[in-house]
Amino acid sequence: FDTENCFDNTTNYRFTPTVAGYYMISGAFAISAFVTQIQLAIYKNGGIFKEGCNLTGAGNTSMSALIYLNGTTDYVELYAWISGAQATASGYQYTYFQGVLVRAD
């Protein structure tokens with residue numbers, strides 16, 4: 001639910017909340033193939049905030065982080081990298097990006 005229209009789903013695909021506070025940001029990425037490595041990262045304002053890695057060859061990974069966002073200019077994005085894949089990305093039901101306000105400033 002994006003009741004405040006904080007997620008840009010047409011241009012930058014980023015979450016820019018309008019209320020300052022602490023947000024639980026989480027996401028997952030899935031692919032329908034064996035991979036050598038999946039790397040998932042949460043970016044804040046264009047730089048890596050938290051990074052995770054899956055080296056098991058399973059086609060999915062997930063992560064979360066508690067992040068302070070100022071309610072005006074701060075934004076978060078989710079990026080995924082894969083290597084050694086034999087197929088294209090799939091598993092949309094397991095791929096997500098979400099943010100929840102935990103405590104307002």
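Predicted model: local features only at pLDDT ≥ 70, side-chain atom pairs only at ≥ 80, totals over all residues.
Local features need pLDDT of at least 70, side-chain atom pairs count only at pLDDT 80 or more, and totals for chains, interfaces and linings use all residues. Residues are numbered from 1 along each chain as its sequence is written, and side-chain values use heavy atoms, with hydrogens and water left out.

Strands are DSSP runs (E, at least two residues; for helices, H or I, at least four), numbered from the N terminus. Two strands pair if DSSP finds at least two bridges between them. In general, strands of a sheet pair through backbone hydrogen bonds, either parallel or antiparallel.

Strand S1 covers residues 21-30. Eight of its 10 residues are buried. Buried means under 20% relative accessible area, exposed means over 50%, and partly exposed lies in between (1.4 Å probe, protein chains only). S1 is joined to strand S4 (residues 60-69) by 10 bridges, and the two run antiparallel. Phenylalanine 29 stands opposite threonine 61 in S4. S1 also pairs with strand S6 (residues 96-104) in the antiparallel sense, over eight bridges. Here glycine 27 stands opposite phenylalanine 97 in S6. Tyrosine 22 has arginine 103 in S6 as its bridge partner.

Serine 26 lies in strand S1. Its relative accessibility is 11%, so serine 26 counts as buried. Not counting residues up to four places away in sequence, serine 26 touches Met63, Ser64, Tyr96, Phe97 and Gln98. Threonine 61 lies in strand S4. Threonine 61 is also buried, because its relative accessibility is 12%. Leaving aside neighbours within four places in sequence, the contacts of threonine 61 are Gly27, Ala28, Phe29, Ile38, Leu40 and Asn54.

Another open sheet of three strands has the order S3-S2-S5, with antiparallel pairing. Its edge strands are strand S3 (47-54) and S5, and each pairs on one side only. The twist in this sheet averages 20 degrees from one strand to the next. S2 and S3 run antiparallel and are joined by seven bridges. Isoleucine 38 stands opposite asparagine 54 in S3.

Isoleucine 31 is found in the loop between S1 and S2. With a relative accessible area of 7%, isoleucine 31 is buried. Isoleucine 31 and isoleucine 82 are 51 residues apart in sequence, and their C-alpha atoms are 8.9 Å apart in space.

A nonpolar core is a set of buried Ala, Val, Leu, Ile, Met, Phe, Trp, Tyr and Cys residues joined through side-chain atoms within 4.5 Å. The largest such core has 14 residues. Phe15, Ile25, Ile42, Ile67, Leu69 and Val76 touch the most other members. S1, S2 and S4 are the elements that give two or more residues to this core. S4 gives the most, with four residues. Leucine 69 touches Phe15, Pro17, Val19, Ala20, Gly21, Tyr23, Lys44, Asp74 and Val76, not counting residues up to four places away in sequence.

A search of the whole structure finds six aromatic pairs. One is formed by tyrosine 43 and tryptophan 81, a tilted pair at 6.4 Å centre to centre with 40 degrees between the planes. Tyrosine 43 lies in strand S2 (residues 37-44) and tryptophan 81 in strand S5 (residues 76-83), so the pair ties together parts that are 38 residues apart in sequence. Rings of Phe, Tyr and Trp (its six-membered ring) pair if their centres lie within 6.5 Å; planes under 30 degrees apart count as stacked, over 60 as edge-to-face and the rest as tilted. Tyrosine 43 is buried at 14% relative accessibility, whereas tryptophan 81 is partly exposed at 36%. Ring pairs link Tyr43, Tyr79 and Trp81 into a cluster.

The charged end of arginine 14 sits over the ring of tyrosine 75, 3.8 Å from its centre. This term requires NZ of Lys or CZ of Arg within 6 Å of the ring centre and within 35 degrees of the ring normal.

Notes: Contact = heavy atoms within 4.5 Å. Axes fitted to C-alpha atoms, helices over the stretch in contact; angles between N-to-C directions.
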